[in-house]
Structure formats: structure tokens, C-alpha cells
There are 6 protein chains.
Amino acid sequence: MEGTALVDSKSKRLIAYHEVGHALVGTLMKDHDPVQKVTLIPRGQALGLTWFTPNEEQGLISRSQLKARITSILGGRAAEEVVFGKPEVTTGAGDDLQKVTNLARQMVTKFGMSTLGPLSLENQSGEVFLGRDWMNKSEYSEEIAAKIDSQVREIINNSYQTAKSILEQNRVALERLVDLLSDQETIEGELFRKIVAEHAQVADEKIAVSSH
Amino acid sequence: MEGTALVDSKSKRLIAYHEVGHALVGTLMKDHDPVQKVTLIPRGQALGLTWFTPNEEQGLISRSQLKARITSILGGRAAEEVVFGKPEVTTGAGDDLQKVTNLARQMVTKFGMSTLGPLSLENQSGEVFLGRDWMNKSEYSEEIAAKIDSQVREIINNSYQTAKSILEQNRVALERLVDLLSDQETIEGELFRKIVAEHAQVADEKIAVSSH
Amino acid sequence: MEGTALVDSKSKRLIAYHEVGHALVGTLMKDHDPVQKVTLIPRGQALGLTWFTPNEEQGLISRSQLKARITSILGGRAAEEVVFGKPEVTTGAGDDLQKVTNLARQMVTKFGMSTLGPLSLENQSGEVFLGRDWMNKSEYSEEIAAKIDSQVREIINNSYQTAKSILEQNRVALERLVDLLSDQETIEGELFRKIVAEHAQVADEKIAVSSH
Amino acid sequence: MEGTALVDSKSKRLIAYHEVGHALVGTLMKDHDPVQKVTLIPRGQALGLTWFTPNEEQGLISRSQLKARITSILGGRAAEEVVFGKPEVTTGAGDDLQKVTNLARQMVTKFGMSTLGPLSLENQSGEVFLGRDWMNKSEYSEEIAAKIDSQVREIINNSYQTAKSILEQNRVALERLVDLLSDQETIEGELFRKIVAEHAQVADEKIAVSSH
Amino acid sequence: MEGTALVDSKSKRLIAYHEVGHALVGTLMKDHDPVQKVTLIPRGQALGLTWFTPNEEQGLISRSQLKARITSILGGRAAEEVVFGKPEVTTGAGDDLQKVTNLARQMVTKFGMSTLGPLSLENQSGEVFLGRDWMNKSEYSEEIAAKIDSQVREIINNSYQTAKSILEQNRVALERLVDLLSDQETIEGELFRKIVAEHAQVADEKIAVSSH
Amino acid sequence: MEGTALVDSKSKRLIAYHEVGHALVGTLMKDHDPVQKVTLIPRGQALGLTWFTPNEEQGLISRSQLKARITSILGGRAAEEVVFGKPEVTTGAGDDLQKVTNLARQMVTKFGMSTLGPLSLENQSGEVFLGRDWMNKSEYSEEIAAKIDSQVREIINNSYQTAKSILEQNRVALERLVDLLSDQETIEGELFRKIVAEHAQVADEKIAVSSH
């Protein structure tokens, strides 16, 4: 979560919910990397931070792992809404939203992981030369562009619902972790998982993302 | 409110209504920063000015605060229409309209605060390099572009209705404050709030923006 | 009215109607600046010219004043059509049409003076830097672009009807003024208003533009 | 009419019909400048040429004159079709078609001479600076662009029908003039008009373009 | 027909059918230039080649001649399909398809030879200056663009049907000429026409392209 | 298949299925080049690789060969889905998807191998000069662009179904080959074909791609 430092206590509590939202959703999702640390100590533009330990190697990432990642990133905003209500959600999630949009768009346009089928809809070459970009950009029609947007929104909106329902069903763990984080400013991964295991509903059999 | 200086008495009165419109709507909205000063003394291009004291810190801004800000900025044009009628609204609000459009657009495209859901629909990097901008620009379809515009217009039109109805319901306070401002050219925040408290309908329980 | 000089008598008469059209419509519209001078003496590209005295100060211009200005600019072409018929209207109005289109567009996109509501739909910064312009340009959808065009056309077509009906109802004044202008090449504002007062139908209670 | 020189007799006859088509339609249209000379002597890329004497001065051009000009330019292709049939029309009219399209487009977008009304739909400044052009280009929507195209096509298709029916009704004059031109290679305006007067149907009361 | 040299016997036979396809369709079309030579000797990128003797002069080309040219160019691909079936048509026709598309597009956009009427829909000036091109490019709407594409496809698809039916009805001549070409690698125009005259169905009264 | 090296055993097995998927589909398709070697030894960015021996010469490629190539490239992703299920398909196919999209697009736009007919819909010149590219880009309408996309998707989705059904019907061969490849890291073409011949259902009469 990003923003200017020097936050008041109300903001601090909101930030704590936001960070624990990321970590708790990530921990309860099947196929997600384990939490390494959650902290409220600001760092650069970030008012709080959550680290995950990357699994062995990242050469190949499955569709299921990408959806888990999107869901856990949306866990921050989802926690704000679940706890404080829609009118109180903040600008702090701006960066998260950009990340999930990029991931969801790549699933659709680069990795063939949507109902559009196994095709490539973006220029992967990374070339920025004017003439070429242009030509590449025009490689698909407005009709396909609308279908891409629709798939991207579906992935994100589904994942957001998943994140909210995980947090609603694990409100006890959420509150316990926020209290601890507010008190100690940092929680290590092992302690985090221990508390989740004590309070969470689905600690053992993790939540799998449905595949349409 | 902007324009060429050296204004006649009719214009001066219109400017007074415009500025008090900003300040009165801002004062009566829940979640809005308090008025610091309202003045008719021109400054640069501005024919009149209203300052608000920023609340503690601005790291995180909530959806509700953004809507209050939009509503108070529209308070100037709303006062012109409520008092003088639609044919007499002026070009002086041009700058205000640009501000509210930018805020409303950011709510929709950057902060996921609309029915489109928690996704990012704009390039936040601020990069202006040609090739990249281009690619980014094409990141969404005409269909989504139309939905964005529709959400932006809805936010602004709703806020404008709110601003107008606040001013209509507090016409006594509005007239009293305009008389004072026309007479003294400047009103400090404390005095402003005192007069509002004496005359306004909703001084105690402030107006909350509904969240669809 | 613009064009190559050295005009024949038929053209000269058409130019006289065109200029008197501007001045007569402007004089009979409520909220319009008074005529200063009408002349048939060419000046640069202009074959004839009409000057208006700007009212006190122009810091704030009302919606009603903008519509009066558009109507009076269209008075030139309207006079051509009313007097000579549709097939005889000329290329001389090209510059006028560009002016009214710009004014009407600004009412809609910059000053929130249309049914689209109080929002800004154009880049007001005047920046021409490529990347930025681009981004700004894409700020609204084709759907909004069509609505803008429709509002612009409505403003212009309504104003043109108003201009034509003012001229049709004041044909006697029109003919009298054209005779005088053809004879003397220039009419000063005071004399112009005196003749209008003697012949025109609505000299006293001026024509107000309806506000939809 | 343009093309490579050294034409065979069949082509030469087609060129004669094409040039007399221009001249005959122009001569029979009300509001058109008089023919000065028609020739089959090649000149630059032109395989044949028709000159008209510009009327007194061209400062102001009426809607009716523009339509007459378009009709006479289309007279060349019309003659090819009337005499040789649709499959035998040639590439020689390419330049003519570009001229009539530009004229018809200007009637609609620059001079307000269509059902779209008295507004300007093109950048008249002639500026080619990138950023500005861009902004100007986006000044109207796809919906208006389609209406412009539709008006342009209507003007051109109506004028083409007029040109064809003038030629069909004056076939005797057409044949007589083509024989003379093929024989003498050049016909001066006075002789041309004399022959038209002897043979044409509507030599006296010229054809007026209807104004919708 | 283009491609890498060193072809096997199956490819060589396909190339022979492709080249004889061009030459046979061209020979049997009214308004087409006569065959000069057909050869299987590779030359540059071409695996085979067919030359036609240009008729007297090419200053003016008729609609009928353009359609004959398109049909004969499509004769190569048509022969592949008629003889080997749809799944066996090859990439060798890529260059032919570009040529016919350019010709058909010019018929529609430059020479007014379609149901869109006698107007110009392309920038003929050949200017490539950015600002201008842009302006020109935007000169027609998406609606017209779709109509242009539809006309271009109609011209090409009709011509392809004509080419296929000419080849199907003259299969004996086709086989005879392919055997000869495979054997001798080159056939001169006079011999080609002699064999066509002996075997073809419509050697005397040639096929005229219908004009819609 | 691409990605970072140093893969765990689960990933290694997935890569084996992916590579055998390519090779097995290619081997069982009529008109496809024979497998030369399949390997799990990483090379550059590739985590595994499959080579095919190009047939005699590639000057001319038939529609049927292009579809076989597309189907065999999709064999990698198809194997992932058939064996591990939709949620487990990986980012490793990104490069394959770009290749098949390019091939399918060329079939439609360059080689006239779709229901759009024998025309060219792309600029083949490879020029990147700005002005020209621009003009070329606008050479077809949004309507045609949508039809192109629809044809491209149809080719790819049909080929993907073919690849999946080949693998489902030859599961025994697939498992046998993956076991061998996991064990030995490389399989030469001859051995590969021998095993396919022993286990596969359609070893003798190969699968022909239907031509719509």
C-alpha cells in the first residue's frame, strides 16, 4: 500500500487491515507462495508491505497460480471494503489494481488462459519502434479488444469476490492478526501461519480457484 | 473562479455567490476539509478564492472524501444556477469543471471506485514516451471507454445535484454569507463556520455521500 | 465576410446584406454587445466588416451571451438565405461558420453549458506535446464524441433558426439599412440603432435565447 | 483527362467525347463560366483539355455555382458512360473524381452547404503541425464522419445523374462537336457555343441545379 | 509465382498449372493483352513466369480491361484449386493476391468503378508528409471504409469464380498446355494460342466480364 | 517451451509432456515434417525442444501443411491440458501461441486461405516508414478486421481441438514417450517414430486436416 508517510491512527489501522488482507488471502489460497513477513514500517512510498517467499523456481507459472496471485493482491482492497464499507475504500490500492490488471491481461492476451482460446493478442517482442508498434497494435479489431476487456474484468471481479468471501469467513483470524500487527508493527511468516492455523476456517484444505 | 479582473458590480456579486457556493457545500459535507478563508480579492487569474485546511495527512484519501471534494468544487457553478438561473451560468467555472472531471476519472480508472470494479484503466506511470503511451492507450476497447465516460458523468451529475440541493436548502445561510463577503471581501474560516452553524439546516449531522 | 476584393455590384449587394445581417441580429438580441460600426470598405481579406463595442468587461461570459454571439455571427449567412434563397448562399461565410463551431463546442466541452452536464471534455492546458495530447485526446469515447457533436449541431441549428426568423420579421429594417450601407459604405452604431428603433419589431423588449 | 500520350484512334475518340462532355455540360448549366477552348492537343500529362473563362471575379462563389462546377467536371466520365457503356469507362477520369470530391467535401465541411447545417467540420487553418492537427482531426465523431460522407456522395451522385441526362438529351450536339473536335483538334469557345445553340435542347433557358 | 528454387517434381507440376492458369485465363478473356511467353525457368524469386504483350498504348485503361487483368492474375491460384483441391493451394500466390487487391481497390477508390459512384476515396497525391497524410486518411468514415472493402472483395471473388469456371470448362487445353510446358519448360505466345484454339471452348467469342 | 532453467521434478514432467505433445501431434498429422529429435536438455531460454526435419524444399507450402504446423505447435499446450487439466496449463506456451497466431493470421491476410477469399489484407512490403505504414494500416475497415480475427480464432481453435483429440486417442503412446524422455532426456526421430508405430492408433493412415 502506497501513500505519504506520517499517518494518523485511523489510517494506520486501515493500512494494517490492507496488509493482513494480502497476507491472509495469500496464505489461504492453494497454489500461492507462503508469507515471509508483513510489516507496517514504511519503506519508500509504501505505508506497509507484505512479502511472499517465491516457490522453488518460477520458470513455469500455472493458470491457477496466476489467479491465486491476483486474488491475494486484491486482498488488500477487499479487507478495506469488508471492514470499513465501500465509501471508506482508499486510494492506497491504486498500485495493486495496476498489478492485477496487468496479470489478468497477460493471462488473456499472452498465455491463452481465457475463453478466447490459445492465441496471442499482444506484441510480445517489447519493441517500441514507432512504425512496428503501430502495425502490431492494429493487429486485432475493436470486437476482439472488447472481448479481451470483458475477460480481464471477469477474472478480476471473480478474484475480488473470492478475496472478500475468504476474509468474511475468516474475520476472527483477520482481527487477531491486525491487532498483533498494530501492536508489533511486523509479523514473521511462521508466526503468521501459526495464528492462521489456529483461527482460520480453511487452513488445511486450501481454496482452489475454479477454472471456467 | 477565473477571468479578467476589473469586474462590475453584477459580476462581483456573481463571484461572491460562486465562492460561497464552494465553501458552504464543503462545510456541510461529511468528510470534507474545513474552510480556511473565502475572499473576493483577485489573485493572478482568480477573481475570487476559497481555501480549505487539509486534514492531518493526505496519504490515503477515501472514496467518500473524493466525492465530497467533487461536490464542493461543483458548489460554485451550482450557486450560479440556483441563484441566477441556467442562462446566466458563466465561463468562470471552466477550471472547476476540469478539476472535477479529473478527480471523477481517477476514481473510475485509477482507484477502482466505480461499478467497473477494482481494476486499473489508465497508464499510471506518467511516462510520455511515444511508443509506450501508444501501446498503453490501446489497452482498452471503445466499449470500456464508453463505460468509463458513463461512470464519470454519473459521478459528476450526482454530485452536482447534491451541491444544488444543499444550496437550495440553505439559501438563508448562502445569502447571509454573500452579503458579508461582498461587504468585507474576506471571511475567515471560524467566522464562516459560526454563521453556517446559526443558519444552516444540517450543521450538526453532515451530509454523507451515498455509495452505489 | 472574406473573399477576393474587386467585387461586382451583385456581390456588393450580397455583402451588404451579409454585414447588416450580423449587425441587425446582434442589435436585436438581448445580452449582445452594441454595434459600433458596419462597413463595406474592404480590409485585408474581409470584403465587409461589423464591429461591436465590448460590454464593460469580458471576464465572465454567460451562457446567454455566448448564444447571442453565435446567433449574431450566423446573421450574415442567414441574411443571404432569407434574401436570395438557399442556392445563392456563398462561400463568404466559411470563416463565420468556423467561429460559431468553436464557440458552440466550447460551450459543450469546456464550460459545461449543455445537457451533457457540468464536466470538461477537452484538454484546456493548450499543451501540444505529442504524447500528452494523445493521452488527452483519448480521454473520451466515441459515444461521448457523438453526443458532443449532436449538442454542438443543436446549438448552431437553433441559433440559425433564431437569426433567420429575426431577419424575416424585420425585413423592412434590413432593406432600409442595406440601402443606406450600399449608398454610404459605412454606418456608425448610433445611426444604426436609430434606424433599427424606427423600423424593427422588437426594438424595445429584446429577444432572449431560450435555455433548454 | 490525363494519361500517357501517343494514343490510338479508339482512345482519341474516347478523349474527344470526354472533353466535349465537360464543355457541353458546363455550357448548358446555369451559373457556369463560359467555355474558352476545347482541345485534343496533349499538354503535360493531359491527353485533352477544356478551359473555361472565369466570371468577373471569384471572391464569392455560390452553392449553385459549386454544383454547376461539379456537374461539368463529371461531364467527362458521364460522356464515356453514355456513349460507350459502363464497362468501357476509363482510368482517365481519376483526376476529375479527386476534384469533385474535394469540392463536394468543402461544400459540406467548410461552407455549411448541406443538410448538416451551417457549421464548420474541418480545420481551415491549413496548419500541419502535428499536435494541433491531431486535436483538430478528433473534433468530430465517427457518426458525423459518416454523415459527411453520405452528403458528399449524395452531391456527387446527383450531379453525375444531371450530367448524364444533359448529355443524353443533347446527343446530337455531342456527336456534332466530337466530329468537329476530332477533325480540327481544337474548338474555340464562340464556335462551341454557336454549335450548341443550333443543336442543344436547353440552349436558352439553362439548367438550374435543384437545392434540397 | 514466387518461392525458393530447387523444387521437386510435385512442386514443379503445381507451378506449371499455376503459370498456365494465368496464361489460359488471360488468353480466353476479352480485353486482355495476348500471351507473349510462359516459362518454368526460375528468375529471381519467381519459380515460373508468364509474360503478356501490352496492347498498343496503356494511357487509358477501361474498367473491362482491369477486370480481365484481375481475373487472369487469379488464374494461377484458380488452377491450383481446380486441379489439386482447396487444401493443396499454396503460399506461392501471395504476390498475386497483393496485385489483385491493389487493382480492385484502385477501381473502387481512385477510378470510381464501383457502386459507390464516381468519387475519389484515396489520397492520390502520393504525399507522405505526416500531418497531411493524417488529415487525408481521416477523410472518410468507418462506414465508407466498410463499403470499400465490401466492393473490393466482391470484385475479387467474382473474378476468382470466373477464372475457376474458365479453367474447369477448358480442362483439356489446360492439361495439354501443362504437359507441353513441363516437357519444354517454355511456350511462346503463338504456339500457346494455337493450342488454345485447337482445344478451348471459347476460343473465338471471348469471355466478357459482366458489369454490375 | 521457454522459461527459467533449474526446474523441479514436477515442472520437468510437465515439460516432457509439452515436448512430446509437439512431436506426437506432428508425427500423426498428414503433411507434417518428420520429427528429428526431442530433448529436455535446456538451451538458451528453452526448457525443452523438438526439432522437425524440413521436407525436401520449402518453396511452396500448402494450406494443409500450414494447418498441420499450427496443430503440432499447439500440441504442447494441448498435452498440458489433457494430462494435468485446465487450471494447470502454464505460461510456458506463450511463445508457441505467438507463432500459431502469426501463421494463422498469414493464412488469412497474406495467402487467401480463409473464407474471406483470395485477397491480400496486409502490407507485405515490410516497410516501416511512418507515413506509408499509416496509410497501409488504414487499408481495411473495422468490419474486415473483425472478420480476420474471427477467421484466425477459428483456425486456431479448430487446430487446438484436433491436437487435444489426437493426444487423448493416443494416451498410451504419449505416456510411453514421456517416460522414455524423462529417463533419457533425448529421443531421436527414428526411435520416436518406432514407438509411435507400436502404440499409436493412426500410425498408418495419418490425420488429414479438413478444409472448410
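From the N terminus on, chain A runs α-β-β-α-α-α-α-α-β-α. This is a predicted model, where local features need pLDDT of at least 70, side-chain atom pairs count only at pLDDT 80 or more, and totals for chains, interfaces and linings use all residues. Residues are numbered from 1 along each chain as its sequence is written, chains are lettered from A and ligands numbered from 1 in the order in which they are written, and side-chain values use heavy atoms, with hydrogens and water left out.

Reader: How many helices and strands does chain A have, and what makes a stretch count as one?
Author: Seven helices and three strands.

Reader: Why is α3(A) called oblique to α5(A)?
Author: The axes of α3(A) (94–109) and α5(A) (142–169) come within 9 Å and cross at roughly 125°. Axes are lines fitted to C-alpha atoms, for helices over the stretch in contact, with angles from 0 to 180 degrees between N-to-C directions. Under 35 degrees is roughly parallel, over 145 roughly antiparallel, 65 to 115 roughly perpendicular and the rest oblique, so α3(A) is oblique to α5(A).

Reader: Which residues of α3(A) and α5(A) make that contact?
Author: Among them are V100(A) and M107(A) of α3(A), and I148(A) and I155(A) of α5(A). Contact means heavy atoms within 4.5 Å.

Reader: What makes α3(C) mostly covered?
Author: Twelve of its 16 residues are buried, including L97(C), L103(C) and V108(C). Buried means under 20% relative accessible area, exposed over 50%, partly exposed in between (1.4 Å probe, protein chains only). The buried residues of α3(C) pack against α1, α2 and α5 of chain C.

Reader: How does the reach of α3(C) compare with the expected span?
Author: α3(C) reaches 22 Å from its first C-alpha to its last, close to the 22 Å expected. The expected span is 1.5 Å times one less than the number of residues.

Reader: How do you know that β1(F) and β2(F) pair?
Author: DSSP has to find at least two bridges between two strands, and β1(F) and β2(F) pair in the antiparallel sense over four. T39(F), for one, has L49(F) as its bridge partner in β2(F).

Reader: Why do β2(F) and β3(F) stand at the edges?
Author: The open sheet has the order β2-β1-β3 in chain F. β2(F) and β3(F) each have a single partner strand, so one side of each is left without a neighbour in the sheet.

Technical notes: Helices (H or I, at least four residues) and strands (E, at least two) are DSSP runs, numbered from the N terminus.
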